[in-house]
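This report describes aromatic contacts and strand pairing for a reader new to the structure.

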Amino acid sequence: MMNLVKVNRNPLFSDLMNQMWNDFETTPKVKPATNVLENETEFKIQISIPGWEKEDVKVEIDKSLLKVSGKVEDKQEESKDEFLRKEFKAASFERAFTLPKEIDHENIHAEHKNGILEISIPKNLKELEKMQRLIEIK
């Protein structure tokens with residue numbers, strides 16, 4: 001028969017471990033893995049957030065900064081069972097990306113699918129054409 005929890009007969013060691021465990025109770029910040037892609041017409045940012053719901057994530061633009069953040073909290077549910085150890089906790093993340101000037105701010109969109117948040121940032125092709133020209137040498 002296998003025990004779920006080991007019994008520690010040394011109360012000093014047990015108290016020390018419990019204190020160390022309680023010190024980690026703060027909401028941990030995670031840094032989700034991110035891919036940044038570019039083609040002729042757009043930039044794409046892919047953020048890996050498996051287990052997160054789209055309601056827990058916020059995408060916003062502040063001038064030339066794209067901010068992506070998320071927060072999940074441990075939902076308290078009433079249960080007749082008592083936890084011997086509980087590791088489901090709250091977590092949060094925040095990522096920020098500096099946007100280039102030649103993007104179409106009005107048509108940025110985001111989609112959450114299969115644990116990946118994908119943000120499409122179209123380029124403003126008219127603005128890009130203005131930025132590309134041949135300069136005459138005098």
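F93 is buried, with a relative accessible area of 2%. The model in which this residue is seen is a predicted one.

A search of the whole structure finds one aromatic pair. Its members are W52 and F93, arranged edge-to-face, with 5.1 Å from centre to centre and 80 degrees between the planes. W52 belongs to the loop between β2 (42-48) and β3 (57-62), while F93 belongs to strand β5 (residues 91-98), so the pair ties together parts that are 41 residues apart in sequence. W52 is buried as well, at a relative accessible area of 12%; a residue counts as buried when this value is under 20%. The table sets out the accessibility of the two residues.

| Residue | Relative accessible area | Class |
|---|---|---|
| W52 | 12% | buried |
| F93 | 2% | buried |

Another ring, that of F43, has a charged neighbour: K123 lies over the face of F43, at 4.9 Å from the ring centre.

The strand that carries F93, β5, is also part of a sheet. This open sheet has three strands in the order β3-β4-β5, and their pairing is antiparallel. β3 and β5 are the edge strands, each pairing on one side only. On average, neighbouring strands of the sheet are turned by 15 degrees against each other, direction ignored.

How many bridges join β3 to strand β4? Six bridges do so, and the two strands, β4 comprising residues 65-72, run antiparallel. D62 stands opposite L65 in β4.

Notes
Residues numbered from 1 in each chain as written. Predicted model: local features only at pLDDT ≥ 70, side-chain atom pairs only at ≥ 80, totals over all residues. Heavy atoms only, no water. Phe/Tyr/Trp six-rings, centres within 6.5 Å; stacked < 30°, edge-to-face > 60°. Helix = DSSP H or I, 4+ residues; strand = E, 2+ residues; numbered from the N terminus. Buried < 20%, exposed > 50% of the residue type's maximum accessible area, 1.4 Å probe, protein only. Lys NZ or Arg CZ within 6 Å of the ring centre and 35° of its normal. Pairing = 2+ DSSP bridges. Axes fitted to C-alpha atoms, helices over the stretch in contact; angles between N-to-C directions.
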